[in-house]
Amino acid sequence: MKAKKIVMISTSVIAVIVVVLWQIGLIGLWTEGMAYIANNTKEFTDTKGHIVQGEYSIPIDLSDLESNIGKELYNDGAYRIYVSWIDHTGSINSGGYQIGFRSSGSYSLSNASLISGAHHATVNGNSFTTSMSARMTASYNGKHYTSSVSGLSGLNYKDGDYFSFYIFPSESYENQEISLNETGIVLLTVSDLYKNVWSKKA
């Protein structure tokens with residue numbers, strides 16, 4: 001009987017704890033991370049977000065693509081953007097060289113923030129959109145190229161997102177300035193990063 005009573009009391013206590021954690025938002029924060037705050041449009045606003053000034057560069061070794069994974073494009077101690085993958089599609093017709101960046105920020109019950117190439121915005125107070133704010137250029141063999149967007153995500157990770165570019169434009173392959181077997185160092189420069197900020201409504 002004592003054991004049964006202890007189990008019943010323990011179960012009740014656990015149930016109460018779970019309900020309390022759910023009500024204050026901790027369970028949502030643990031399971032969804034940053035998206036839990038961003039999606040809570042009743043309590044949080046994203047109006048304090050803004051473009052980050054400056055340009056940020058990173059050298060990429062085309063002779064050993066895997067060696068570039070983990071290189072940091074941006075790190076101010078609170079926010080980080082680094083190379084999460086790099087490859088080429090195997091064909092110039094499908095874009096050639098691509099690079100993906102992973103962004104990570106911070107979140108808590110009171111706010112969330114993320115510096116990324118993507119701007120995550122609330123539309124009409126209850127729907128969401130993600131657009132690329134960042135621009136990237138590639139400097140290679142004395143020439144400068146404008147890179148185009150290949151992809152971006154919503155807040156797919158608890159602490160952030162990802163965004164990606166085609167490194168070289170299609171014309172550079174068509175003009176035979178770039179092949180799929182390059183061995184040099186390309187300098188990538190990214191500007192117009194966006195600081196997404198979700199703060200408590202006044």
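Helices (H or I, at least four residues) and strands (E, at least two) are taken here as DSSP runs, numbered from the N terminus. The structure is a predicted model, in which local features need pLDDT of at least 70 and side-chain atom pairs count only at pLDDT 80 or more, whereas totals for chains, interfaces and linings use all residues. Residues are numbered from 1 along each chain as its sequence is written, and side-chain values use heavy atoms, with hydrogens and water left out.

On this basis the chain has 4 helices and 14 strands. Of its 202 residues, 42% count as buried, a term that denotes under 20% relative accessible area, with exposed standing for over 50% and partly exposed for values in between (1.4 Å probe, protein chains only). Among contacts (heavy atoms within 4.5 Å) with a separation of 6 or more, 65% come from residues 24 or more positions apart.

Confidence is expressed as pLDDT, the predictor's confidence in each residue, from 0 to 100; the chain has a mean of 88, and 85% of its residues reach 70 or more. Over residues 13-25, however, pLDDT stays under 50, and the model has 8 contacts beyond four places in sequence for this segment. Where pLDDT is low, the predicted coordinates should not be read in detail.

The structure holds 7 aromatic pairs, defined for rings of Phe, Tyr and Trp (its six-membered ring) by centres within 6.5 Å, with planes under 30 degrees apart counted as stacked, over 60 as edge-to-face and the rest as tilted. One of these joins Tyr56 and Tyr74 in an edge-to-face arrangement, at 5.0 Å centre to centre and 75° between the planes. Tyr56 belongs to strand β2 (residues 50-61) and Tyr74 to strand β3 (residues 72-75), so the pair ties together parts that are 18 residues apart in sequence. Tyr74 is buried, its relative accessible area being 10%. Elsewhere, ring pairs link Tyr97, Tyr140, Tyr145, Phe168 and Tyr173 into a cluster.

A charge is taken to sit over a ring if NZ of Lys or CZ of Arg is within 6 Å of the ring centre and within 35 degrees of the ring normal. Arg80 lies over the face of Tyr82 at 4.1 Å from the ring centre, and the charged end of Arg102 sits over the ring of Tyr157, 3.9 Å from its centre.

Asn141 is found in the loop between β10 (135-140) and β11 (143-146) and is exposed, with a relative accessible area of 63%. Gln176 is found in the loop between α4 (170-174) and β14 (185-200) and is likewise exposed, with a relative accessible area of 72%.
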